[in-house]
Amino acid sequence: MNLLRVRAFKTSSHYIRWILTPILVVGALGVRAAAQEVALQVDSAKSTVQFTLGDVLHTVRGTFKVAHGTLRFEPASGKISGEIVVDAKSGESGSGMRDRKMHKEVLESGRYPEIAFRPTKVDGAAATGKFSAKVRGMFSIHGVDREITVPVEVAIESDHWSANVHFTVPYEKWGMKNPSTLFLRVNDSVEIDLAATGRVVR
């Protein structure tokens with residue numbers, strides 16, 4: 001290889017490195033950013049829990065208040081930790097008599113004042129945008145932790161996130177009392193809808 005060719009080769013190599021280096025750096029930063037953990041802070045005032053319980057006469061609907069929650073989420077791996085805590089004592093269905101029975105005989109909320117979900121893994125996670133996924137974790141109610149997997153619809157933006165979850169709690173099977181009487185029969189499971197929202201902290 002003569003001198004001119006050597007110089008041309010070195011110049012060409014230098015030019016290629018000059019072009020590729022920033023591209024590779026940007027790409028590496030992008031991969032790193034996607035793998036980084038983000039904090040999902042729960043806005044209790046804007047998050048809701050609704051429950052639906054059927055009986056032979058009509059359907060009972062009610063609400064609980066979200067007490068607090070913070071999640072740590074790693075989109076690249078789907079790992080997630082933290083908790084969303086619901087105030088068990090806040091449950092109400094519009095009937096004082098029915099609610100007193102629910103708190104005293106079913107939830108025993110004086111003894112077990114919190115209901116919590118502590119997720120561990122998101123299958124089908126994405127870094128941003130809207131996506132459907134399944135979330136695995138521990139659900140704590142009536143003083144007992146149980147592993148569950150629930151479907152979730154998620155939306156993650158630059159500084160805001162939201163998630164909607166629907167699942168069934170077979171409360172009688174899980175050791176809680178069925179409030180049915182001789183004249184009023186209710187289902188042995190209750191449908192739960194959680195709508196959580198809050199800030200994204202990167």
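Predicted model: local features only at pLDDT ≥ 70, side-chain atom pairs only at ≥ 80, totals over all residues.
**Whole chain**

Start with the cartoon view. The chain has two helices and nine strands. Trace the elements along the sequence and the pattern reads α-β-β-β-β-α-β-β-β-β-β. Now show the surface. The chain exposes about 12500 Å², and carbon and sulfur atoms supply 57% of that area. Of the 202 residues, 35% count as buried. Contacts reach along the chain: among those between residues at least 6 apart in sequence, 57% join residues at least 24 apart.

**Aromatic pairs**

How many aromatic pairs does a search of the whole structure find? It finds three.

Select phenylalanine 51 and phenylalanine 64. Their rings form a tilted pair, 5.4 Å centre to centre, with 50 degrees between the planes. Phenylalanine 51 sits in strand E2 (residues 48–54) and phenylalanine 64 in strand E3 (residues 59–74), so the pair ties together parts 13 residues apart in sequence. Are these two residues buried or exposed? Both phenylalanine 51 and phenylalanine 64 are buried.

Move on to phenylalanine 139 and phenylalanine 167. The ring centres are 5.4 Å apart and the planes meet at 80 degrees, so this pair is edge-to-face. The pair links distant parts of the chain, 28 residues apart. Phenylalanine 139 belongs to strand E6 (residues 129–141), phenylalanine 167 to strand E8 (residues 160–169). Phenylalanine 139 has 7% relative accessibility and counts as buried. Phenylalanine 167, at 13%, also counts as buried.

Ring pairs join Phe139, Phe167 and Trp174 into a cluster.

Definitions and conventions:
Residues numbered from 1 in each chain as written. Heavy atoms only, no water. Phe/Tyr/Trp six-rings, centres within 6.5 Å; stacked < 30°, edge-to-face > 60°. Helix = DSSP H or I, 4+ residues; strand = E, 2+ residues; numbered from the N terminus. Buried < 20%, exposed > 50% of the residue type's maximum accessible area, 1.4 Å probe, protein only. Contact = heavy atoms within 4.5 Å. Areas by Shrake-Rupley, 256 points an atom, 1.4 Å probe, with all protein chains shown as cover.
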